[in-house]
Amino acid sequence: MSNFVETTCPSCGADISVPRKEKSVNCMYCSATVVVQEAIKQGAGGKKIENMLQLAANASEAGNNQEAYNYYNQVLEIDMENPDAWVGKGIAAVWQSTLADDRSGEMMPAFKSAFQNTSSREEKIELANKISIEGTTAYLALVRLATNHWSEFGAYYSSVGSYLPDEEQA
């Protein structure tokens with residue numbers, strides 16, 4: 001991941017590269033102070049983020065959770081503080097889970113990052129509602145998958161012990 005993001009100076013409109021981790025920098029063309037995160041959100045990076053979030057939502061809606069996960073990661077490469085990308089990434093990870101590869105552990109750290117990057121009380125409430133609905137739906141699908149597997153193969157697993165000699169059953 002690059003330490004610089006391409007964006008536009010809000011004062012003069014010049015295309016500039018800003019260091020991702022700085023709070024503010026001066027535009028090399030007009031010397032105006034550029035608040036880095038605001039410039040990213042409003043400049044070329046902001047439009048790219050908006051487009052990638054829409055592509056991620058479309059992929060998710062189509063059931064292509066790996067593609068959605070990749071788009072959310074691309075958003076986070078530009079803006080690590082984007083709560084929508086954090087939530088989407090967590091949910092897309094869970095939807096990719098299988099019995100052999102449970103990815104539900106990625107969900108809570110992603111949700112935590114989303115909350116840490118949300119400032120207002122109203123945004124936090126909206127975020128909590130989205131997480132409760134979408135997160136629960138994805139997690140319950142994983143539980144349903146495990147339950148169906150156990151229903152189908154559980155009797156087999158339970159009966160295996162009856163075929164072992166007595167000394168191996170202990």
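Guide: A salt bridge is counted when a side-chain nitrogen of Lys or Arg lies within 4 Å of a carboxyl oxygen of Asp or Glu. The model is a predicted one, in which local features need pLDDT of at least 70 and side-chain atom pairs count only at pLDDT 80 or more, while totals for chains, interfaces and linings use all residues. Residues are numbered from 1 along each chain as its sequence is written, and side-chain values use heavy atoms, with hydrogens and water left out.

Under the salt-bridge rule, the count is 1. It joins the side chains of E106 and R103, with 2.7 Å from N to O. In general, side chains of opposite charge can pair when their charged atoms come close. Residues are called buried under 20% relative accessible area, exposed over 50%, and partly exposed in between (1.4 Å probe, protein chains only). R103 is buried because its relative accessibility is 15%, whereas E106, at 29%, is partly exposed.

Helices (H or I, at least four residues) and strands (E, at least two) are DSSP runs, numbered from the N terminus. Contact means heavy atoms within 4.5 Å. Beyond its neighbours within four places in sequence, L127 is in contact with P83, V87, A114, F115 and T118. The C-alpha atoms of L127 and F111 are 9.0 Å apart, although 16 residues separate the two along the chain.

V87 returns the contact: leaving out residues up to four places away in sequence, V87 touches F111, A114, L127, K130 and I131. A nonpolar core is a set of buried Ala, Val, Leu, Ile, Met, Phe, Trp, Tyr and Cys residues joined through side-chain atoms within 4.5 Å. The largest such core has 37 residues, and V87 is among those that touch the most other members, together with I16, V18, V34 and I40. Helix α6 gives two or more residues to this core, as do β2, α1, α2, α3, α4 and α5.

Helix α6 also holds V143, which is partly exposed because its relative accessible area is 35%. With Y139 and L140, V143 forms a nonpolar surface patch of about 250 Å² of accessible area. Such patches consist of residues with over 30% relative accessible area and no salt bridge; like charges are joined within 9 Å, and nonpolar side chains (Val, Leu, Ile, Met, Phe, Trp, Tyr) within 5 Å. The areas come from the Shrake-Rupley method with a 1.4 Å probe, and for residues only the protein chains shown count as cover.
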